[in-house]
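Biologist: Could we go through this model together? I'd like to start with a backbone detail and then move on to other topics.

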Amino acid sequence: MATYYVGWDVGGWHNPKKDGVVILKRKGKDLELSCPPFLGNIAEVLTSEQNNLCTWIREKSTSSDPSDRFIFAIDAILGCPQEACNLWNMSPTKAEANPLFIPNIKSGAKKNLYLHRYTETIFARRPLSVVQDLMGSQSTKALFALRQCNARWCNDFNNNDFGIWLQGNDRFFETYPANAKGSIGEAINSILSKISDESLRENSDIVDAVICAIIASMYETQQLCGPRNYTSNKCDWKKIGYEGWIWLPQTYWESISHCKN
């Protein structure tokens with residue numbers, strides 16, 4: 001059984017060349033490209049009757065063993081602020097059960113729980129917001145792909161997969177390349193040097209997909225900080241279970257000092 005590491009920089013539903021996909025595998029201790037990077041729009045794959053994200057990735061990776069495992073690190077927002085969801089829920093009984101959160105508009109957008117998920121508020125460099133930064137096209141496309149693969153979200157803190165999407169042996173999770181790249185610069189350059197097409201090597205979506213694929217490989221070696229490693233006394237586990245988690249290298253968290261192995 002082989003393990004493949006998939007990095008997906010998600011573009012909008014209707015952007016022709018904004019999906020960057022990179023698939024890596026191990027050769028000894030090194031990571032190598034399993035196939036040439038992809039730059040295009042995989043919405044055509046997602047809306048076809050013959051394919052979904054998982055089957056398409058298997059075909060591209062040239063995997064021939066059904067037991068091969070795929071770990072996906074996805075640069076897209078895979079959740080929504082709970083307070084915003086409460087506003088959008090039109091059920092009267094649900095609205096009554098969730099009293100309105102009153103944001104302090106003087107404290108800035110980052111602390112407005114209608115705009116940002118809990119996981120977004122604890123990073124030193126603020127990730128994008130599905131609400132404020134108009135990332136809904138990318139977010140819904142990625143979530144559609146996961147549901148189409150029959151992946152399910154694990155929101156049970158007592159489960160080792162808390163904060164991960166699961167489908168059989170495959171794993172899917174959200175990451176944020178902009179915050180991760182400073183921690184893995186050498187690995188990024190190593191993979192980019194193996195891409196022969198200069199136009200792809202210099203494309204920002206492919207670079208982000210490379211970062212995601214490297215992060216996917218770090219998940220297997222337990223070099224990422226997951227919600228079960230987050231040690232802040234103020235951690236809101238219920239929010240994480242509802243809204244999602246952004247997985248980043250342990251080294252990124254060293255300056256924040258809230259994660260443990």
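Biologist: Is Leu-134 buried or exposed?

Modeller: This is a predicted model, and in it Leu-134 counts as exposed because its relative accessibility is 72%, where the cut-off for exposed is over 50%.

Biologist: What is phi of Leu-134, and where is the place of this residue?

Modeller: Phi of Leu-134 is near 55 degrees, which is a positive value in a residue other than glycine, and the residue sits in the loop between α5 (118-121) and α6 (136-148).

Biologist: And Gln-222, what about its phi?

Modeller: Gln-222 is not a glycine either, yet its phi is positive at about 55 degrees. Its place is the loop between α10 and β9 (224-225), and with a relative accessible area of 66% Gln-222 is exposed.

Biologist: Switching to pockets, what volume does the largest pocket have?

Modeller: The largest pocket has a volume of about 380 Å³.

Biologist: How much space lies in the second largest pocket?

Modeller: About 310 Å³ lies in the second largest pocket. Of the 23 residues that line this pocket, Asp-9, Val-10, Asp-75, Leu-128 and Met-135 are the closest to its centre.

Biologist: Which elements supply at least two residues of that lining, and how many charged residues does it have?

Modeller: At least two residues each come from β8 (170-175), α7 (177-180) and α10, with α10 giving the largest share, 3 residues. By class, the lining of the second largest pocket has 7 charged residues, alongside 10 nonpolar and 6 polar ones.

Biologist: How many cavities of 30 Å³ or more are there?

Modeller: The count comes to 1 cavity of 30 Å³ or more, and the volume of the largest cavity is about 30 Å³. Its lining is made up of Leu-78, Trp-153, Gly-163, Trp-165, Phe-173, Glu-174, Gly-244 and Trp-245, which divide into 5 nonpolar, 2 polar and 1 charged.

Biologist: On to the strands, how many bridges join β1 to β2?

Modeller: Strand β1 (residues 3-9) and strand β2 (residues 19-27) run antiparallel and are joined by 6 bridges, with Tyr-5 standing opposite Leu-24 in β2. Strand β2 also pairs in the antiparallel sense with strand β4 (residues 38-40) over 3 bridges, and there Asp-19 stands opposite Gly-40.

Biologist: What about β2 and β3?

Modeller: Those two strands run antiparallel as well, with 4 bridges joining β2 to strand β3 (residues 30-33), and Lys-25 stands opposite Glu-32 in β3. Their hairpin has 2 residues between the strands, and in it Gly-28 takes a positive phi near 70 degrees.

Biologist: Last topic, which element has the lowest mean pLDDT?

Modeller: Helix α4 (residues 92-97) has the lowest mean pLDDT among the elements of the chain, at 58, whereas strand β5 (residues 69-75) has the highest, at 98. For the chain, the mean pLDDT is 88, and 89% of its residues reach 70 or more.

How values were computed. Residues numbered from 1 in each chain as written. Predicted model: local features only at pLDDT ≥ 70, side-chain atom pairs only at ≥ 80, totals over all residues. Heavy atoms only, no water. 1 Å grid on protein atoms, 1.4 Å probe; cavity = no way out; pocket = protein on both sides within 12 Å on 5 of 7 lines; lining within 4 Å. Points joined across faces, edges and corners; volume = space filled by probe spheres on them. Nonpolar A, V, L, I, M, F, W, Y, C, P; charged D, E, K, R; others polar. pLDDT = per-residue confidence, 0-100. Pairing = 2+ DSSP bridges. Buried < 20%, exposed > 50% of the residue type's maximum accessible area, 1.4 Å probe, protein only.
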